[in-house]
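Good morning, colleagues. Please turn to the sequence and the structure on the screen, and I shall take you through them.

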Amino acid sequence: MSNTTAPNTKEKKRSGIWSELLIPALAVLSGLILGAIVILVSGENPLVAYGALFEGSFGNPLDLVEGLQVYFATGETKELLRAIYPFTESLVTATPYLFAGLSVALGFRCGLFNIGAEGQFFIGALCSAFVGYSIKGLPMIVHLPLAILAGALGGAVWGMIPGYLKARFGAHEVVNTIMMNWIAFRLSDWLLNGPMKSSGFRPVTPNVMETAELPRFFPDPLRFNLGFFLALLAAYLLYWFLFKTTLGFEVRSVGANPDAAKYAGMNIVRNFVLVMFLAGGLAGLAGTAQVLGVDHWVGQGFSAGYGFDAIALALLGKSHPFGVVLSALLFGFLRSGATDMQSMARIPIDIISIIQGMVIVFIAAPDIIRWLYRIREVKKEEAVLTRGWGS
Amino acid sequence: MKKLHFVMAVFVVASMVLTACGGGAGGGDALKVGMVTDLGGIDDKSFNATAYSGIDKAIADLGIEGKYLESTQQSDYAKNIQQFLDEDTQLIVTVGFLLGVDTAVAAKANPETKFAIVDYSYPDCFGDGVEGQTCGSASEIPNVLGLTFQIDQAGFLAGYAAAGSTKTGKVATWGGINIPPVAAFMIGYEKGVDYYNEENGTEVEVLGWSNEANEGSFIGNFESLDDGRATTESLVQEGADIVMPVAGPAGLGGAAYCAESGSCMVIGVDTDWTVSASEYTDIILTSVLKNMNVAVYDTVKAVQDGTFAGGLYVGTLANNGVGLADVKGASDELKAGLDAVRQGIIDGSIATK
């Protein structure tokens, strides 16, 4: 993993990574501890709760051993599949988080606060679904990329509008991305009840063709699919773009100091529009991965707020693509494991939101963590996450 | 201080390590029942809450082991059903038509497990529907019981009561989304008003729904209290003084408007709103009851007794599956009229749809 601040010596670099990881890790730990206290206060046993959370997100190691034994003895895969189901399901949940988190992180890098990921998510999903079900008779090699492209493009256009409004008229992107969210929600309400409604009375789209589905690696009910690896690829490409290309350098320069960037001859307007276009595309891909990989149709309540969680996630990942990968995995495991926690330990799933919220508080105020755990502050340049209202 | 931090850290790490032994479920051989909610969540004071109260009652009366899983997005439906299957749950209750496809798929793959689905039934594949995709099943599934309700019967009574209580001569209704389970309330409602007019020579008008056009006012969702409030306000401005919102939680927006303006009364749906939304008791005329709790409880009991059979349960006025709560300020004449209508519907002499 490379570092944004690029220290000179190798040793310095390594300690830099550790200190970068230390605060988020301690924030997560503190969030879990406080979560445990909340569970305790509500009269349940936190050990049982976190045990179920762990088992729900990673699976039971004993089941895995048993599954492997059965597989090697008889060639029967059923037990084995059952044992890896929780783990694969966590990766499935992490996939949209990953795409959406990258979207918000990219915005932060350019000093833009993209709260519109949720709307872009919906638009991306609807575009992919439309291409997925309306075009028939294409081979998969053409149809699937086309459906993916449609989702990315839909989200990108949805993101570019606030980007353009900011660049051209100075309208603040926070306000405009929120407004675009509402337009997206109501638009999808209308589409699902009208033009995109499938036959029958349910307000949902038809299923996408099999040729537009992201291939799954295991038989039902395992839903683990290619989307996860596409998300990892996107994370790598974003890293490459931000840190290895001239354009990426411009984006980061504009984010760090727009005035200096302008003085250096960089085109601020073009960067704002470009970044919002790309960020929208990434959030759109989150919806695409969900519809083509998991659901195969879009209905009301298609998203559980991935776009909003993504803001927290990008902060936790320090807006670095690899950091986002780690935090998306964390959120995926928490969310997915919550099902088991809810069922086996009877803890409401809302506790996960509490833990996530606390983690974010600690991330936003790292001094609390430093004080709690007696960590001395390491002097280094902080990347500017976002500019205030006045910019 | 430092020690405290250390203890807490150890505490959490231990919780992670101990997980391998954390899973063992107790409970012996009590019947295991699980319910999967739709997006409304378990505390929606309406649909899911009512269905679960049936399971709650079964836990108390029959000694079963019951629990629920909340869905926060559509991909949770299959996952939550799978969770119960993995725990060897014997009866899985799913709530709402949105779970129609996932329930059918799971039921076919697990013929030993019993399922019940509220507000849905099979076969549901007609025309160009594809089994397991756009619809659940083209045939009846032997291990699934569809819990449906002839809510038009109760809606009819509500329409009759509204027509007998209005002072402006106009009553109204509006819905969340135009789907059969919602429209059924409104169809019965208008029929009930028509019947009252015929009997008493009045000319009470219905706003927000027309059986002739098979169309009405819909806000397009079940969540937005703002939409509910705005629709109620516009119907009241057109002259209605009684409004029946068929939209789950969104209907409470209408109740809030009536409570603030004092210019209208509402008719609750699904549950008795004087209980579930008691802050609005003053402006609740009556409630159209869809006794999902009774249906769910009876289903659990049937599984316990070994008499469970798949197919279709239809809640009616006759079997107390649907009903009408007490009507506020009803005259003796209206009460007598309602009793007569109820009898007429049960013996089939009055058509409600």
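I begin where the two chains meet, at a salt bridge between the side chains of Asp86(B) and Arg82(A), with nitrogen and oxygen 4.0 Å apart. Please keep in mind throughout that this is a predicted model.

On the side of chain A that touches chain B, the elements giving two or more residues are α1 (10-41), α2 (46-58), α4 (78-109), α7 (173-193), α11 (268-295) and α13 (321-344). Which of them gives the largest share? That is α13(A), with 7 residues. Sorted by class, this side of chain A has 25 nonpolar, 14 polar and 13 charged residues.

As for the extent of the interface, the contact draws on 52 residues of chain A and 47 residues of chain B. Together the two chains bury about 4,500 Å², and carbon and sulfur atoms account for 58% of that area.

Let me now move to chain A by itself. Over all chains, the structure has 14 salt bridges. One of them joins the side chains of Arg223(A) and Glu89(A), at 2.6 Å from nitrogen to oxygen. This pair links distant parts of the chain, for Arg223(A) is in the loop between α7 and α8 (227-244) of chain A, whereas Glu89(A) is in helix α4, 134 residues apart.

The loop between α7 and α8 of chain A also contains Pro221(A). The peptide bond leading from Asp220(A) to Pro221(A) is cis, with omega near 5°. In general, most peptide bonds are trans, and most residues other than glycine have a negative phi. His296(A) belongs to the loop between α11 and α12 (306-316) of chain A.

We turn next to chain B. Its domain assignment gives domain 1, covering 31-149, and domain 2, covering 151-289 + 322-347. The contact between them takes 7 residues from domain 1 and 8 residues from domain 2. The C-alpha centres of these two domains are 29 Å apart.

What does the interface between the two domains of chain B bury? The area is about 690 Å², with 61% of it on carbon and sulfur atoms. The residues on the side of domain 1 that touches domain 2 comprise 3 nonpolar, 2 polar and 2 charged. Across this interface of domain 1 and domain 2 of chain B there are 0 salt bridges, and 1 residue pair is in polar contact, both residues at pLDDT 80 or more.

My last topic is the loop between β4 and β5 of chain B, where Pro123(B) is placed. A cis peptide bond joins Tyr122(B) to Pro123(B), with omega about 5°. The structure holds 2 disulfides over all chains, and one of them is formed by Cys125(B) and Cys135(B), with their sulfur atoms 1.9 Å apart. Both cysteines lie in the loop between β4 (114-118) and β5 (144-149) of chain B, so the pair ties together parts that are 10 residues apart in sequence.

Thank you for your attention.

Conventions
Residues are numbered from 1 along each chain as its sequence is written. Chains are lettered from A and ligands numbered from 1 in the order in which they are written. This is a predicted model: local features need pLDDT of at least 70, side-chain atom pairs count only at pLDDT 80 or more; totals for chains, interfaces and linings use all residues. Side-chain values use heavy atoms; hydrogens and water are left out. Domain bounds come from an automatic or database domain assignment. Contact means heavy atoms within 4.5 Å. Buried area is the accessible area (1.4 Å probe) that two parts lose on being put together, summed over both. A polar contact is a pair of N or O atoms within 3.5 Å; within protein, one must be able to donate a hydrogen and the other to accept it, and residues adjacent in sequence count only if both atoms are side-chain atoms. Ala, Val, Leu, Ile, Met, Phe, Trp, Tyr, Cys and Pro count as nonpolar, Asp, Glu, Lys and Arg as charged, and the others, Gly among them, as polar. A disulfide is a pair of cysteine sulfur atoms within 2.5 Å. Helices (H or I, at least four residues) and strands (E, at least two) are DSSP runs, numbered from the N terminus.
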